[in-house]
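Welcome to this short briefing.

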Amino acid sequence: MSEHLTFEIRDRVGFITFDRPDKLNAMTPEMAVALREAVARCNEGDAVRAVVLTGRGRAFCAGSDIGELASYATPWEFRNRVEYCEVLRGLRRPSIAAINGHAFGGGLEMALSCDIRIAAPGAKLGAPEIKLGWIGGGGMTALLSRSIGPSNTALMVMTGDPVTTEQALAWGLVSELHSKDALVNRAAEIATTIASRAPIAAETALTNLKAAANMPLEQAIAYERDLQAICFATADAAEGRSAFAEKREPAFRRK
């Protein structure tokens, strides 16, 4: 992949790790391409059923490497680069962001692009782009406002000042806080639990969550009912019913 982004699979969980600690895991174009390759591998077959995203060192990710931005010859070339947040949102498996340290700019946008977020106490999360003369372009405002509401989002994106993970927990931006030593293990535990569930149902639930954020209430409920019927018709659903009746653990096969 890249010397600055590693990927491994353990027990049907894919682990994507930013590994550029001397630069706070700031993203380069090379890392964006490596992330795209990792996401493609996660989406293939049934080897990966859930994904954990984390970083090494004292940062989760500080966003784009500012020094690399000067390499784009035109604004249009910049607009059409490999956009790592968009790449991550192409992941079809449930994902957990284990925010081990500071998450700024595109780093926060990648965390927001994950389905579940847990964090280590003492880290800071921020949208500092306004301090440099621009705004986030990886979904910052749209995703942040869905997580913490418009007022808290305005506070973050218009001041550029970060918030602590403790404040993020109070706002609902993250679900849990764990010590840095325990964080990835907890993320792996969540991912392993998800990986043990019926994979079609888990991925359908993911589709349903995204749809529900963009539909009127009655339409979202009707869509959910249709998705439920599709899941109910799978062999995995039949296996779940049989396992329940026989008082055993189900063996789901993505069928």
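Strand β3 (residues 50-55) is largely enclosed by the rest of the structure, because 6 of its 6 residues are buried. Please keep in mind that this is a predicted model.

**Strand β3 and its partners**

- Both faces of β3 are covered: Ala50, Val52 and Thr54 are buried on one side, and Val51, Leu53 and Gly55 are buried on the other.
- Which way do β2 and β3 pair? The two strands pair in the parallel sense, over 6 bridges.
- Together, β2, α1 and β3 make a right-handed β-α-β unit.

- β2 is mostly covered, with 6 of its 6 residues buried.
- On one side of β2 the buried residues are Val13, Phe15 and Thr17, and on the other they are Gly14, Ile16 and Phe18, which leaves both faces covered.
- Strand β1 (residues 5-10) pairs with β2 in the antiparallel sense, over 6 bridges.
- Within this pairing, Ile9 stands opposite Gly14 in β2.
- β1 and β2 form a hairpin with 2 residues between them.
- Asp11 sits in the turn of that hairpin and has a positive phi of about 55°.

- Arg20 lies in the loop between β2 (13-18) and α1 (29-43).
- Is Arg20 buried or exposed? Its relative accessible area is 10%, and a residue counts as buried under 20%, so Arg20 is buried.
- Leaving aside residues up to four places away in sequence, Arg20 touches His4, Asn25, Ala26, Thr28, Met31 and Asp65.

**A sheet of 4 strands**

- What is the order of the strands in the open sheet of 4 strands? The order is β4-β6-β8-β9, and the pairing is mixed.
- β4 (59-61) and β9 (163-164) stand at the edges with a single partner strand each, so one side of each has no neighbour in the sheet.
- β4 is joined to strand β6 (residues 102-104) by 2 bridges, and these strands run parallel.
- A handy landmark here is Cys61, which stands opposite Ala103 in β6.

**Helices α10 and α11**

- The axes of helix α10 (residues 199-212) and helix α11 (residues 217-232) come within 10 Å and cross at roughly 170°.
- Angles over 145 degrees count as roughly antiparallel, so α10 is roughly antiparallel to α11.
- On the α10 side, the residues that meet α11 are Ile200, Ala201, Thr204, Thr207, Asn208, Ala211 and Ala212.
- Their counterparts in α11 are Ala220, Tyr223, Glu224, Leu227 and Cys231.
- Sorted by class, the contact of α10 with α11 has 8 nonpolar, 3 polar and 1 charged residues.

Conventions
Residues numbered from 1 in each chain as written. Predicted model: local features only at pLDDT ≥ 70, side-chain atom pairs only at ≥ 80, totals over all residues. Heavy atoms only, no water. Axes fitted to C-alpha atoms, helices over the stretch in contact; angles between N-to-C directions. Parallel < 35°, antiparallel > 145°, perpendicular 65-115°, else oblique. Contact = heavy atoms within 4.5 Å. Nonpolar A, V, L, I, M, F, W, Y, C, P; charged D, E, K, R; others polar. Buried < 20%, exposed > 50% of the residue type's maximum accessible area, 1.4 Å probe, protein only. Pairing = 2+ DSSP bridges. Right-handed = clockwise from strand over helix to strand, strands pointing away.
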